[in-house]
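Me: Hi! Could you walk me through this one?

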Amino acid sequence: MNRKILVIFVIITAVVVGAVIFFRGGLEEPGSPRDSAGLVIGANAIYVEEQAPSRTLAVAVVRLEKPGFVLVHEDTSGAPGGILGRSALLPAGETNNLATISLSRLTRDGETLYVMIHLDDGDGVFDAVKDKPALDSVGALPVMMSITVSAEATEPGAVSL
Amino acid sequence: MIIPLRRLGKFVAVAFLVASAFATIAYASHSWGPYHWARALNPFTLKIGDNVSTVWDSHLVVASTDWSVSSELDTTVVAGQAKANCRPTGGRVEVCNKTYGFNGWLGIASIWVSGSHITQGTVKVNDTYFNNAPYNTSAWRQFVMCQEIGHTFGLDHQDVNFSNANLGTCMDYTSDPDGTINSQLDNQHPNQHDYDQLATIYTHLDSITTIVQTVSNLRGNDNAADADDDTGKVLRKDNKGRPALYERDLGKGEKLFTFIYWVE
């Protein structure tokens, strides 16, 4: 009798697992990080949603041609100024829903931030001089996203390039 | 009934083979995780807010028409409600264009979810690149617009290798959107596999809906191509001050009452 119960249990488990995978298109949980190659046109890309005032910043998607960092700059006369925070060393490839970046101060409603990619020079340690910004293949300018902080901002559950 | 251990082993093996077969089929599909709009019946109509400039209007309309071929869903382009930062609107999709800068992406789709249910979505297309060669063509705009809107239904990509031969769908990455460079299939529109995938995603019905049932009365960016919705005057608002009931005078004593169910 115990074997019969065991057989039934195994069959039900297998069918349920198969059905879950089939009907849900994978084992991904809602809003969880996911990989997507992205409709990008360069080896480096970044996307940041509108942010609410905070001491942290969330990066939705970043793609790196080699290991590097994401830096958050404040605005100085319409251009990237002082560094408010940076990520840990990130691996090459695409990372979704990056861990939030801690900032040195609370951001303000209405201010502009620049979120920029810097590529590591190979030593794995950030150096503002040696770890240069990644350059876009079309514009030959630093790959970055400028955003406006807004008290009305809401974070999406998922993003796809 | 006692089942011999050898038969038990075979049974388990068969069961896992069946499960593996299901899994293989699933990974050949291109749904975006479990995400889908909640609705109680099919086909359903999803509003797409037009916040784009005139150069994009025709591409938005074509994409809307293309996706409406699906037997599960229809889309209708309505006046946009997104503001400068392309804010989402509950129960619908807002589509925006802007020079978002040299950030590496042509287009992006974002969805807000409650569990596996999509509650609102946005599409952004990046004019910083579309103002430059080789992306300043109708084919590139149509390809990207089609793909990003497709994501907001819960579809993922069919292929993510730019160098592979075109599959004839906008959900396939390509460097040759209309197929004219390499004499191959046109990737500016969905293909049957996309419609089949939508059928798979939306075969079941939900007990709730996350889709706004009517259009709004707000104008978008004042493009001539933008629809001027006419839902009438607001008769009632909900406890959050949002229009809940419209009355439209159709003439000859006829009136159209439109109820709005707002997504929380």
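Here is a short chat about a sheet, a chain and a helix pair.

Me: What should I know before we start?
Reply: This is a predicted model: local features need pLDDT of at least 70, side-chain atom pairs count only at pLDDT 80 or more, and totals for chains, interfaces and linings use all residues. Residues are numbered from 1 along each chain as its sequence is written, while chains are lettered from A and ligands numbered from 1 in the order in which they are written.

Me: Great. What is the strand order in the open sheet of chain A?
Reply: The four strands run β5-β4-β8-β9, with antiparallel pairing. Strands are DSSP runs of E, at least two residues, and helices are runs of H or I, at least four, numbered from the N terminus; two strands pair if DSSP finds at least two bridges between them.

Me: Which are the edge strands?
Reply: β5 (79-86) and β9 (144-148) of chain A, each pairing on one side only.

Me: And how many bridges join β4 and β8 of chain A?
Reply: Seven, between residues 68-76 and 112-119. Phe69(A) of that region stands opposite His118(A) in β8(A).

Me: Switching to chain B, how many helices and strands?
Reply: Five helices and nine strands.

Me: How do α2 and α4 of chain B pack?
Reply: At an angle of about 50 degrees, with their axes 9 Å apart; axes are lines fitted to C-alpha atoms over the stretch in contact, and angles run from 0 to 180 degrees between N-to-C directions. That makes α2(B) oblique to α4(B), as angles under 35 degrees count as roughly parallel, over 145 as roughly antiparallel, 65 to 115 as roughly perpendicular and the rest as oblique.
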